[in-house]
Amino acid sequence: MRRTFRALISAACLSLTLLATAQTWQRLPSTPNFGAFNPSLMTDGTVIVQDGDNDNWWKLTPDKKGSYLNGTWKQLPSTPGYGPLYYASSVLPDGRLFTLGGEYNMGSGTIWQNTGYIYDPQTNTWNFLPAPNGWSNIGDMGSILLPSGKLLLCDPFNNNCALFDPLSGTYTVPYGFGKSDANDEEGLTLLPDGTILTVDTTPNHSEIFNPVTQTWTSAGATPASLVGLGEEIGPQVLRYDGTVICFGGGSHNCIYNTKTKSWSQAPDFPTVNSVALCCADAPACLLTNGNVLVQAGPPNFGSGSVFMEWNGSTLTQVTGPASAAGEPSFVGNMLMLPTGQVLVTNLSNEIELYTSSGTSNSAWAPTITASPSVVTAGQSYVISGTQFNGLSGSSAYGDDQQNYTNYPLIRITNKATGDVQYCREFNPSTMAICTGTKIVSTNFAVPKTIEQGLSTIQVVTNGIASAAVPITVGPPIKASNVSVFTGTYRSGSLSSLWTVDGSSYSVQSVLTAEGQVAAVEADFILPTNQISGITLSATASAQVGVTGMLYLYDWSAKNFVYLGPSASLGKINVGFSGSGTGTLSRFVGPGGAVRAIVRGLAPVRTTPAPFVLSVDQAFVG
C-alpha cells in the first residue's frame, strides 16, 4: 500500500438505489478517543483494537448480556515504540495475538517495520517478536493461519514466504516454492480443501498454495483484471456456497468457484456521475445470511464510501453509517462478532455495529456431539462436535490487515438470569474450515467469575451458533475424608497433614539419603446424577524431582488401580499427563463415592529436602 490523499470526492455525487432498510447501524456510545484500527476477536469473546499508527491498544468486553454495543473498554499495556499501521496479524490457536511488520510506525512515513509483538491475554503482556531470518523489511505483509495452526507469512518485497510455529516461536525460512511474482499487495484466502488462493498483481493471474506440498501453482486466469491503481487489490471472501468473491482494486470483480476450480466474472462496481467505484484496499465480511458486506469508494482513495451486499449474483447498496460520506474506503476494517453483528472501524472512535437482515442456514452452524454436563469455575474441559471452525475465514481486507475468525467461541448462558459468559477457548484440534461431518474438538477454560446454576453451552463460529446444550455450572466438591500414608526405604520423617483454606490437603516429608515414599488419600462424595467426568486438582512438588502417581479405587475389583505417573483416564486429569485404562463407572462407588490417592516417590538424596503432595479439590463434569 502506497497511498496519498487526493482531492476528496463529495459523497453528494453518489446516488444508487438503496436496499430496503432492514439493516441497522449502531454506534458504540462509550468508545474512548482513539483511532480504532484492526479489531481482532480473541478466543474469550473480547475484542482487541489498536490505536492505529500508535502503540496503544484497547480491549472491548461485552456486557453480562453479551452485548458489544453496551460493552466496556479497558486500555491494555502498550508496545513501546511499536505502533504500526498496515501489518500482518492473527489470533493464534492458543489464544494469543500475533502482530508483525508495519508499513508505517508511530506516525512516521513509510518505514517497512520488520519486527512485531505477541500479546498473551492470560498474562496481559506483550512479548517482542523478531523478523524471520534475513527479512530486513516487512511492512504491509500478507499472512494467514494454515489448517495446521501455523502461520504463513508472505514477504511483500519478493516471492518468498516464511512459516511461523506458535508452539516453538520459531520461523521456517524459506517456506514454499514456485510463487510466480512478488507478494506485495496480494491477499490470501483459505479454501475448503486447505489450500490458499491469491490474486496476483500480475494482471489476470491467480495462484494456489498447497501447504502439504509447499508449492505454488497457477489457479487460472481471472476473466478481468482485479488490479487497480498502485497495484492495489480488494478483499476476497469465501462464501457458504463455495465461491470466493474477489473484489477488484479497480471497477472489476471476479468469482472463483472452489468446486469447479474455475473463474467467472462478477458484475462491476457501479459507475456514478462518471465515477467508477472500486475496492483499492477496503474491507469485506461474510454475513450470517450468506451475503458479503463490502465497503467501496471512489478511486485514488477518494472520500465517499458506499456499502454494498453481494448475494452471489448482484451487488446491492445498503445504507451506510453516518461517517461514510466523509471517509475513503481504505480506513475501514470489519470483524464478525459472535452476536452475528459486524464491528466496523474507521481509524477514529466512531465504531459501528452492522446488523444484517435475514437468517443463517442451519447447515452452516457448528454442532456439539460431546460436552461436559457439569463444569466448575476456573477449570478446563474438552468439547467436541462438527464444523467448529466454520466454512470461511469470514473477514478480509488484503495484505494490509487480517483478522480471520474461523475458530470456535464457547458461550455459556445462565438460564435463571440470562447472563452470558464466554470461556477462553484454546488449542483446537484443527484450524481447517469446511470439516463436514468429521468430529473435531477444542479446549475451553471456564471463567472464575461465572455464575453457578443451570445453564446452556453453545459453540459460535463466524457469528453462527450451535444448538444450545444443557450444562450445570457447579461449585468444587471438598474431600469428605483425608488420610496420610508414609514409608521409607531406610530412614526419613513425615510431618503431619495440614489443611489449606478448608479444601487443600497436603503432606510434607523431609527426605534423607535413601529416599522416601509418601501418599495422601482424599475421598469425595460426588452427585451421581451429574457425573460425566471427574477432575482432581492434585500436585506433587519438591525442591528435587518427585514422581507423582495417581491411584483411583476400583469398586468392582475392590482395590486401588495405578493409572501411571501424570495419569489421566477419560476426562480425569490430575495435573500430569499420561493415560490409563478402564471406564469411568469403575471408579464411582455407592452414593457417588470416589477415592483417590496421590503418591510421591522421592529420589535418593544425600541431603534432606522437603516435598509436598496434595489432593486439592474434586470437580465433576
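**Pocket, cavities and strands**

Modeller: The lining of the largest pocket divides into 12 nonpolar, 10 polar and 7 charged residues. The model discussed here is predicted.

Biologist: How many residues line the largest pocket, and which lie nearest its centre?

Modeller: The lining has 29 residues, and Asp44, Gln421, Tyr422, Arg424 and Pro447 lie nearest the centre. The volume of the largest pocket is about 710 Å³.

Biologist: Which strands each supply at least two residues of that lining?

Modeller: Strand 4 (57-61), strand 5 (72-76) and strand 38 (420-426) each do. Strand 38 gives the largest share, 5 residues.

Biologist: What makes a space a cavity and not a pocket?

Modeller: In a cavity a 1.4 Å probe fits but cannot get out, whereas a pocket is an open set. The structure holds 5 cavities of 30 Å³ or more, and the largest cavity has about 240 Å³ of space.

Biologist: How do you know which residues line the largest cavity, and which lie nearest its centre?

Modeller: A lining residue has an atom within 4 Å of a point of the cavity. For the largest cavity 27 residues line the space, with Ser143, Ile144, Gln402, Asn403 and Tyr404 nearest the centre. Strand 7 (88-91), strand 12 (142-145) and strand 36 (395-396) each give two or more residues. The largest share, 4 residues, comes from strand 12. By class, the lining has 11 nonpolar, 14 polar and 2 charged residues.

Biologist: What lines the second largest cavity?

Modeller: Its lining consists of Asp140, Met141, Gly142, Cys154, Pro156, Lys179, Asn183, Glu186, Leu188, Thr198 and Asp399. The space there is about 60 Å³.

Biologist: Why do the residues of this lining divide into 4 nonpolar, 3 polar and 4 charged?

Modeller: Met, Cys, Pro and Leu count as nonpolar, and Asp, Lys and Glu as charged; Gly is classed with the others, as polar. The lining of the second largest cavity therefore divides as 4 nonpolar, 3 polar and 4 charged.

Biologist: Why is leucine 153 called buried?

Modeller: Buried means under 20% relative accessible area. The value for leucine 153 is 0%, so this residue is buried. Leucine 153 sits in strand 13 (residues 151-154).

Biologist: Which residues is leucine 153 in contact with, leaving aside its neighbours within four places in sequence?

Modeller: They are Phe98, Leu100, Trp135, Met141, Gly142, Ser143, Asn160, Cys161, Ala162, Phe164 and Tyr171. Contact means heavy atoms within 4.5 Å. Serine 89 is 64 residues from leucine 153 in sequence, with a C-alpha to C-alpha separation of 9.8 Å.

Biologist: How do you know that strand 21 pairs with strand 22?

Modeller: Pairing needs at least two bridges. Strand 21 (residues 243-247) and strand 22 have 5 bridges and run antiparallel, so they pair. Valine 244 stands opposite tyrosine 256 in strand 22, and a hairpin of 5 residues joins the two strands.

Biologist: What joins strand 22 to strand 23?

Modeller: Again 5 bridges do, with strand 23 (residues 262-266) running antiparallel to strand 22. Isoleucine 255 stands opposite serine 264. The hairpin between these strands has 4 residues, and lysine 261 in the turn has a positive phi of about 55°.

Biologist: What makes strand 22 mostly covered?

Modeller: In strand 22 (residues 253-257), 4 of the 5 residues are buried.

Key: Residues are numbered from 1 along each chain as its sequence is written. This is a predicted model: local features need pLDDT of at least 70, side-chain atom pairs count only at pLDDT 80 or more; totals for chains, interfaces and linings use all residues. Side-chain values use heavy atoms; hydrogens and water are left out. Buried means under 20% relative accessible area, exposed over 50%, partly exposed in between (1.4 Å probe, protein chains only). On a 1 Å grid over the protein atoms alone, a cavity is a set of points where a 1.4 Å probe fits but cannot get out, and a pocket is an open set with protein on both sides within 12 Å along at least five of seven lines; lining residues have an atom within 4 Å of a point. Grid points are joined across faces, edges and corners, and a volume is the space filled by probe spheres set on the points.
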